[in-house]
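Please open the model in your viewer and keep the sequence at hand.

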Amino acid sequence: MQEFRILGPLEASGEDGPIALGGPRQRALLAALLLRAGRVVPTDQLVDELYGVEPPKTATASLHNCVVGLRKALGPDVLVTRPPGYVLRIDREHVDAHRFERLLADARRASPVERRQLLGRALELWRGPALAEFAFEDWAQTEIRRLEELRLVALEERLAADIELGHPSDVVPELEALVTEHPLRERLWYLLMLACHRAGRSAEALQAYTDARAALDELGIEPGENLRRLQGEILRGEARGSRGANGHADRDADAEVVKALLAGRVVPVLGLDGGDDLAAQLARAFGYPEDRPPDLARVSQYVATMNGSGPLYDELHRRFEEATEPQAVHRFLASLPEVLRSRGAPHQLVISTRYDLALERAFEAAGEELDVVTYVASGPYRGKFWHRPPGEEPRPIDVPNTYATELSLDRRTVLLKLHGAVDPFPDREWESFVITEDDYIDYLGRSDLVSAVPVALAAHLRRSHFLFIGYEMVDWNLRLVMHRVWGDRPLAYRSWALDPEPSALEQAFWRRFDVDVLDVDPDEYVGLLERRLEGVP
């Protein structure tokens, strides 16, 4: 059995000990394949990543030589040729990064004692910076940032668990070192203040607030609401037991969300994650001018104008098809159908402005069926929606005001994708994306968008609570969804937005629609909801 480690220097080992992986290019190939273990990675993509945007003529031959070398090292059944590229056939549990993410997800659903143990095991997998030897390779940057962010999250969660379990003094030195290393990370300042105060060192806790404010002032910003609230509680002597270490304390809202979820009355609205990273990747791939603002809509418009929509769609297809690994939010939503069935409640309607297949894969892994209804941004059915029932071919919804029995929340969950999506079928007939500036202009100009939504779904939208996940004020997707579906009207039922450390502008935006802001990380919050649901009889 082979084990692979990327949380530090790249290493591989088998039953006979460490495996020699060859030279730098061969090692880079293995790392690139490990990041997509179990999925086919096209040859063209590997050439682009490992040899740059202007690869030498010998790049494909050189890549083949690297493949041959890796097969000798790992075995012919591990690295397999599968058109249009190669696939690493290994159990993802044998990759340390995957085990780390699984332990982190498990910890969020565990009791404080077990959470501390799981997080400790997760952090012990790290031997240094993720993908350490590829720190300056463009193809590795997104994954390095993602994994390093998750490491910090795990570290914060472990420190929070230590505080919750009654060991605040033990974590103060570690937190003091961490805020020096990451002075703009407010969660660490929050935990330092809380640990000092619960250790009976309130003066040091207040000094930590002063230090945090000074660090943030260098960027011209004030401490977030969590830090300000905790400072006030310390000054009033209330913080010792009044709040959890995650900074989220709106238990009334949590109880109402759980009640509405169990009644099948919550519509989760999933936002596009990683838009800035995608814009940067497209900019590099298509030579976007460095002196122009690199927002996703503008970069996509440049690519479509200079190269045509075909190359843009090809690149988006490749990237969104890869981005299918379900995250905590997707797995949580896929776990709800069984809960709702057991209570005789209707299934969920989920709205998404994401383009990938992560939620579909989460439902597939959970053994749950899903109706997918997707907006068409281009082609002969432009401005309409298509519907793909489980196990069937997609079909256009030509007459939405009579399309009722075909979509029933009494039967199964419905995913409504408002901005198009990647099409997983080979001919990609139904693939389209609302992503360029022209797409958004056309989208805004369609006054009939809501009437294009099938009648059964439109009726459900009007009598539901909403839970917005993964949106920022700067996101075009959010403002378009709010404008197209609700206009300037506030929502009819109490709704919530998961928005960590919201700015004053973001809070004002949400208030305009009577949406309550929950200052909490989405992954943390779904873990909290899972624990609350487990405690409901």
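Which residues of β12 lie on one side and which on the other, and are they buried or exposed? Thr413, Leu415 and Lys417 lie on one side, Val414 and Leu416 on the other, and all are buried. Here buried means under 20% relative accessible area, exposed over 50%, and partly exposed in between (1.4 Å probe, protein chains only).

This is a predicted model, in which local features need pLDDT of at least 70 and side-chain atom pairs count only at pLDDT 80 or more, whereas totals for chains, interfaces and linings use all residues. Residues are numbered from 1 along each chain as its sequence is written, and side-chain values use heavy atoms, leaving out hydrogens and water.

Select residues 413–417, which form strand β12. Helices (H or I, at least four residues) and strands (E, at least two) are DSSP runs, numbered from the N terminus. Ile351 stands opposite Leu416 in β12.

**Helix α9**

Now select residues 202–217, helix α9. Its buried residues are Ala205, Ala208, Tyr209, Ala212, Ala215 and Leu216. They lie on the same side of α9 because they cover an arc of only 125 degrees around the axis, taken from the directions from the helix axis to the C-beta atoms. Finally, display α8 (186–198) and α10 (225–236), against which the buried residues of α9 pack, with contact meaning heavy atoms within 4.5 Å.

Methods
Pairing = 2+ DSSP bridges. Expected span 1.5 Å × (residues − 1).
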